[in-house]
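Open your viewer and get ready to select residues by number. This tour moves from stop to stop and says what is there.

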Amino acid sequence: MIRCMAVDDEPLALQQIVTYISKVPFLELAAQCQSALEARQFLEQDTVDAIFCDINMPDLNGMDFVKSLATPPLIVFTTAYAEYAVEGFKVNAVDYLLKPFGLQDFQRAANRLKERLSPQPLPAGRGDDTPVVSGLASDTADDTIFLKTEYRIVKVTISDIRYVEAMSEYLKVHLVSDSRPIITLLSMKKMEERLPDYFMRIHRSYIVNLKMIQEVNKNRIIMDKDTYLPIGDMYKDTFQQYLDTKFLGK
């Protein structure tokens, strides 16, 4: 069983997490707290394997609470504010549940806790002496790379990548097959060097799969009806040269 603590200053939100914990057979509720200070007092006397923790709380917010723990258990953040996702990744959170979330999302997070607490086999063909460098490793035999994200190493098909977006020292790798991007600690330069020639950097913050471009409209690229990416001044000439090789017309 995985001993869990639920922390949220909103009574209804706290009760929802407690109810969801009761519905997952391998989770056991050890404590429910309405503040981070109350949670810290509990942890001074007892231990848990995982914490489902809200971020926006009075007196001490959830992020600072987790950072204050000398040996924090596994963390799943729960919040209504998406902008905390990257910061949550920096403290090695197992998952990030954006309110309002349902039982299916909660079950996904619980499964990740279970995976984290179970011995993890290495990917096939990979030994302890094969390092992952800067969050990325390549499989030169086919169209794949491995990216380090959270506590996992995931295999990514290069042709499945729509575009790559820079966020400070992290990258968001947007895929065709999954609406949820992969977040990895990696530089744009390192990613740019590894990707094949049908990828192009069009902005200091974007690398695009040229095969996925739907339209070019002035100084932006349209990937789909919801995704518009800017073309940076430093990259206009190179991108225009590419367009010239593909353009049919007068």
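The stops below cover a helix, a hairpin, a sheet and a loop.

This is a predicted model, where local features need pLDDT of at least 70, side-chain atom pairs count only at pLDDT 80 or more, and totals for chains, interfaces and linings use all residues. Residues are numbered from 1 along each chain as its sequence is written, and side-chain values use heavy atoms, with hydrogens and water left out.

**Stop 1: helix α1**

Select residues 11–23. This is helix α1, with 13 residues. Helices here are DSSP runs of H or I with at least four residues, strands are runs of E with at least two, and both are numbered from the N terminus. At 1.5 Å a residue, α1 should span 18 Å, and its end C-alpha atoms are 19 Å apart, which agrees. The expected span is 1.5 Å times one less than the number of residues.

Now colour Ala13, Leu14, Ile17, Val18, Tyr20 and Ile21, which are buried. They cover an arc of only 160 degrees around the axis, which puts them on the same side of α1. That arc is taken from the directions from the helix axis to the C-beta atoms. Buried means under 20% relative accessible area, exposed over 50%, and partly exposed in between, with a 1.4 Å probe and protein chains only.

Turn to the face pointing away from the buried side. Pro11, Leu12, Ser22 and Lys23 are exposed there.

What covers the buried residues? Show β1 (2–7), β2 (27–33), β3 (50–54), β4 (74–79) and α5 (103–117), which are among the elements covering them. Contact means heavy atoms within 4.5 Å.

**Stop 2: the β10–β11 hairpin**

Select 170–175 and 182–185. These are strands β10 and β11, antiparallel and joined by four bridges. Two strands pair if DSSP finds at least two bridges between them. A hairpin of six residues links β10 to β11. Pick Val173: Ile182 in β11 stands opposite.

**Stop 3: a three-strand sheet**

Next comes an open sheet in the order β14-β15-β16, with antiparallel pairing. Its edge strands are β14 (215–217) and β16 (227–230), each pairing on one side only. Neighbouring strands are turned by 30 degrees against each other on average, direction ignored. Zoom in on Val216, which stands opposite Ile221 in β15.

**Stop 4: Asp197**

Finish in the loop between α6 (188–194) and β12 (199–203), where Asp197 is found. Is Asp197 buried or exposed? At 73% relative accessibility, Asp197 counts as exposed. Last, select Asn209, twelve residues from Asp197 along the chain; their C-alpha atoms are separated by 9.2 Å.

Terms used: Axes fitted to C-alpha atoms, helices over the stretch in contact; angles between N-to-C directions.
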